[in-house]
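This briefing concerns the protein chain shown below.

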Amino acid sequence: MCASHSSSGSYQNSKRVWIWTQNKEVMTASVERGWNTFVFSSKHRQLANEWSLIALLCPLYVEEGGIFDNENRRVATIFEVSNPKELLQLKPAKGEEENVVINLLDWQVIPAENIVAAFQDSQTTVFAISKTPSEAQIFLEALEQGLGGVILKVEDVEAVLELKDYFDRRDEVSNLLSLTKATVTRVQVAGMGDRVCVDLCSLMRPGEGLLVGSFARGLFLVHSECLESNYIASRPFRVNAGPVHAYVAVPGGKTSYLSELKAGKEVTVVDQKGQQRTAIVGRVKIETRPLILVEAKRDLDAQTIYSILLQNAETVALVCPCQETGHQKTAIPVTSLKVGDEVMLRVQGGARHTGIEIQEFIVEN
């Protein structure tokens, strides 16, 4: 059935998006991004016919509390919810249609979670009508599992672009980042500087941290402060990431300066194996502290130097490569780091414009 179509990508294959609009530009942007199921009111059948002449669409029509396809087959039932009592009456029923569409007239976050809980063991695919990408995101993430899909009811192209960007970032998380080993070639005390502590709204596990570097061409995996220390209590939400000038990896394959981070921005958390996830910054602290310079090279490229400055403190560490046999430390504190030690590095293009990788000649020393 055409209503089951979704755009490519692992996360996007598990979540379905239908578009409800009368704006031709919104339609075009949606089709270009792989969303070709459109919802129309019954009085706009002519519009659906016109659009079907210029794009491959799957039109659906809202009539009498249901959604029907071109052959007048019911593909979903619509439930309008305006109060807690009506919400409690939402139950998956045997023999009902494959799809259920919820229209929360008094939109709140808690009802979204209640809907997920009510249908979690059901085979029914539950959609929610969303009027903004942020609403859609909450429905798709409620109680971690989220609803099966959303109907994005908008007349603004930017809303489609923003939702697609959200899907792309979620798909990115499922892909492993390529990390490589680098050998430390220099460790040197560098004097005082303004360093940045990044406190996240998520807890990190041993082996996880942020990708940071003085040059975008190579980012070091700086470990979180989740490990126990004799000097200070564990802070698994924090990465003492480096000075204000340093690059840090953020979603979308981009970089940001550490000085640009602030509450509400997103960063990419990575572990030893390259598994990545997105985390929200809760707080950034910039303080003047003693710094240490670390330089490293790869065996395959002995000419290129990769560099990072970090606070010279026992709680600041770089992540080590995984070892298949034998016991191996997760990370090496910079105070114990020495020439010849191996650390994890993310190698990428060095030229950047507003954090986006570009192809151009560049020299950084």
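**Overall fold**

In the protein chain, among contacts (heavy atoms within 4.5 Å) between residues at least 6 apart in sequence, 59% join residues at least 24 apart. The model is predicted: local features need pLDDT of at least 70, side-chain atom pairs count only at pLDDT 80 or more, and totals for chains, interfaces and linings use all residues. Residues are numbered from 1 along each chain as its sequence is written, and side-chain values use heavy atoms, with hydrogens and water left out.

**Composition and surface**

- The protein chain has seven helices and 22 strands, taken as DSSP runs (helices H or I, at least four residues; strands E, at least two) and numbered from the N terminus.
- Of its 365 residues, 49% count as buried, that is, under 20% relative accessible area with a 1.4 Å probe, protein chains only.

**Helix α3**

- Helix α3 spans residues 45-52, and its buried residues are Leu47, Ala48 and Trp51.
- These buried residues line one face of α3, because they fall within an arc of 100 degrees seen down the helix axis, the arc being that of the directions from the axis to the C-beta atoms.
- Their cover includes α2 (24-32), β2 (37-41) and β3 (58-63).

**Glu295 in strand β16**

- Glu295 belongs to strand β16 (residues 276-298).
- Glu295 counts as buried because its relative accessibility is 14%.
- Beyond its neighbours within four places in sequence, Glu295 contacts residues including Thr183, Val184, Thr185 and Arg186, as well as Ile305, Tyr306 and Ser307.

How values were computed:
Buried < 20%, exposed > 50% of the residue type's maximum accessible area, 1.4 Å probe, protein only.
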